[in-house]
Amino acid sequence: MFSSYSSSSLYTTSKSPLFNNPNHSFNCFRLSHSPINASIRRFTPIASSQNPNRFQFTHKQKDRFTGIKECVLSVALAVGLITGVPAVGNANAVAPALSDLAVLISGPPIKDPEALLRYALPIDNKAIREVQKPLEDITESLKNSGVKALDSVERNLKQASRALKQGKSMIIAGLAESKKDHAIELLGKLEVGMEELQKIAEDKKRDAVAPKQKELLQYVGGVEEDMVDGFPYEVPEEYQSMPILKGRATVDMKVKVKDNPSLEECVFRIVLDGYNAPVTAGNFIDLVERHFYDGMEIQRADGFVVQTGDPEGPAEGFIDPSTEKTRTIPLEIMVDGEKTPVYGETLEDIGLYKAQTKLPFNAFGTMAMAREEFENNSASSQVFWLLKESELTPSNANILDGRYSVFGYVTKNEDFLADLKVGDVIESVQVVDGLDNLVNPSYKIAG
């Protein structure tokens with residue numbers, strides 16, 4: 001079972017959970033730099049690396065289309081999404097106007113998972129974003145060589161410092177009252193930290209810039225989280241009894257690697273975003289607490305995605321012991337500029353061909369739900385992580401955004417996902433933060 005939309009059926013379900021020690025260091029142990037052999041497993045329809053004109057479907061599905069038709073549809077969809085020309089549906093549909101935030105962050109697509117999570121917070125405070133942006137731009141500045149890089153870093157810092165000084169009162173005004181003291185403390189640390197980074201740049205200590213930049217952006221992210229006052233909307237009534245994550249949560253997934261000359265084991269940190277995908281993230285956290293994924297194998301690793309979550313036996317998803325039926329969740333997609341997610345329909349279904357999603361498939365390690373090809377609301381337990389861009393999945397212009405429910409990003413050790421192979425074992429998945437944001441937890445029900 002794989003999530004798919006005609007030619008773009010890319011992900012179906014798989015199986016496995018992990019356990020994590022909150023004190024575990026985030027070092028993955030790469031034993032060598034041998035190339036990884038991509039093994040292709042038929043879990044969901046996707047272009048084969050051996051033959052790009054053919055698509056592979058899950059081992060539990062029958063082929064529905066010929067490879068040529070799949071390829072033609074893929075190209076048509078890709079062109080439609082990139083150019084805005086509707087491939088199917090309502091040609092008169094109008095995409096939402098660009099938000100102020102979209103204008104503020106216009107430019108090359110953001111690929112850093114932590115930056116994507118910061119921008120995905122349900123806040124509207126231009127002042128803090130104007131502090132955040134130049135601090136993030138330091139990453140691009142460091143791509144320059146020699147002293148030119150540090151000169152550029154100093155300019156970024158001056159811009160961020162000026163924005164903080166001018167916008168501090170607006171930032172404080174945007175804080176949730178119950179979190180104001182904590183945020184003001186973070187702002188103080190941010191001011192001191194920017195002075196320290198200025199000194200680092202002046203002393204030409206290039207290697208010390210990136211770690212300090214990361215620290216400053218963590219302060220910024222903390223302030224932005226302190227602007228969120230409760231959960232911002234009501235989930236539709238038909239889904240209100242499901243496990244729902246009203247906020248964010250962090251999990252650590254520990255994977256034991258088999259027969260891989262490059263890697264022995266790794267702990268992946270994943271941030272799950274319930275603000276933009278509360279039902280999807282809540283379902284996953286609930287399954288984690290049931291230890292559903294513990295001991296599962298990686299079931300697909302083909303250089304395009306890593307996938308797991310398909311239980312043994314004929315079922316392709318989680319069988320709820322209280323009902324003895326497969327628990328399914330709806331397709332859930334938050335559009336930038338909207339206050340609530342779209343449920344049960346792809347963005348193409350409703351004519352939003354050019355709409356930007358709040359959680360895009362931009363980052364290496366983007367986490368999403370797999371589902372049946374022609375059933376939008378068929379996701380259950382199978383999840384996948386996108387590994388890289390391809391001609392069909394460039395950031396900000398791909399055939400995945402708006403068709404699959406993204407609900408989080410790998411924020412530590414994401415690069416090591418490419419080292420995983422079919423048969424590697426998820427030893428454990430453990431919630432390390434945010435479990436109190438889960439409502440309606442079914443794992444607490446006996447049986």
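Start by selecting tyrosine 233: with a relative accessibility of 8%, this residue counts as buried. Before you go on, keep in mind that you are looking at a predicted model.

**Stop 1: rings beside rings**

Phenylalanine 231 and tyrosine 233 make a tilted aromatic pair, with 4.7 Å from centre to centre and 50° between the planes. How many aromatic pairs does a search of the whole structure find? The search turns up nine.

Next, pick tyrosine 239 and tyrosine 343. Their rings form another tilted aromatic pair, 5.1 Å centre to centre with 35° between the planes. This pair links distant parts of the chain, since its two members are 104 residues apart. Tyrosine 239 belongs to the loop between H7 and strand S3 (244-245), while tyrosine 343 is in strand S11. Are these two tyrosines buried or exposed? Tyrosine 239 has a relative accessibility of 13%, so it counts as buried. Tyrosine 343, at 14%, counts as buried too.

Now select Phe284, Phe292, Tyr293, Phe318 and Phe407 together. Ring pairs join these residues into a cluster. Leave Phe407 highlighted, as it comes back at the next stop.

**Stop 2: leucine 359**

Go to leucine 359, in the loop between strand S11 (342-343) and strand S12 (366-369). What does leucine 359 touch, leaving out residues up to four places away in sequence? Its contacts are Ala120, Asp273, Asn276, Val406, Phe407 and Tyr409.

For the protein as a whole, residues 24 or more positions apart account for 76% of the contacts with a separation of 6 or more.

**Stop 3**

Move on to asparagine 376, found in the loop between S12 and strand S13 (383-386). At 18% relative accessibility, asparagine 376 counts as buried, because the cut-off for buried is under 20%. Show its side chain along with that of aspartate 349: the two make a polar contact at 3.1 Å. Beyond residues up to four places away in sequence, asparagine 376 touches several others, including Pro330, Gly344, Thr346 and Arg371.

Follow that last one. The charged end of arginine 371 sits over the ring of tyrosine 404, 5.2 Å from the ring's centre.

**Stop 4: helix H7**

Select residues 209-225, which make up helix H7. H7 has 17 residues and reaches 24 Å from its first C-alpha to its last, close to the 24 Å expected at 1.5 Å a residue. Colour its buried residues, among them Val209, Leu216, Leu217, Tyr219, Val220 and Val223. Lys212, Gln213 and Glu224 are on the buried list as well. What covers the buried residues of H7? The cover includes helix H3 (113-119), helix H4 (126-141), helix H5 (146-173) and H6.

**Stop 5: two positive phi angles**

Step back to lysine 204, in the loop between helix H6 (180-202) and helix H7 (209-225). Most residues other than glycine have a negative phi. Lysine 204 has a positive phi, near 60°. This lysine is partly exposed, with a relative accessible area of 42%.

Histidine 291 also has a positive phi, about 60°, although it is not a glycine. Look for histidine 291 in the loop between helix H8 (278-289) and strand S6 (300-301). At 49% relative accessibility, histidine 291 counts as partly exposed, because exposed means over 50%.

**Stop 6: zoom out**

Finally, show the whole chain. There are eight helices and 16 strands in this protein, and of its 447 residues, 55% count as buried.

Colour by confidence to finish. The average pLDDT is 81, and 76% of the residues score at least 70. Where residues 1-9 run, the pLDDT is below 50, and that stretch has 77 contacts in the model beyond near neighbours in sequence. Residues 13-24 also have a pLDDT below 50, with 80 contacts counted in that way.

Note on methods:
Residues are numbered from 1 along each chain as its sequence is written. Side-chain values use heavy atoms; hydrogens and water are left out. Helices (H or I, at least four residues) and strands (E, at least two) are DSSP runs, numbered from the N terminus. Buried means under 20% relative accessible area, exposed over 50%, partly exposed in between (1.4 Å probe, protein chains only). pLDDT is the predictor's confidence in each residue, from 0 to 100. Contact means heavy atoms within 4.5 Å. The expected span of a helix is 1.5 Å times one less than its number of residues. A polar contact is a pair of N or O atoms within 3.5 Å; within protein, one must be able to donate a hydrogen and the other to accept it, and residues adjacent in sequence count only if both atoms are side-chain atoms. Rings of Phe, Tyr and Trp (its six-membered ring) pair if their centres lie within 6.5 Å; planes under 30 degrees apart count as stacked, over 60 as edge-to-face and the rest as tilted. A charge sits over a ring if NZ of Lys or CZ of Arg is within 6 Å of the ring centre and within 35 degrees of the ring normal.
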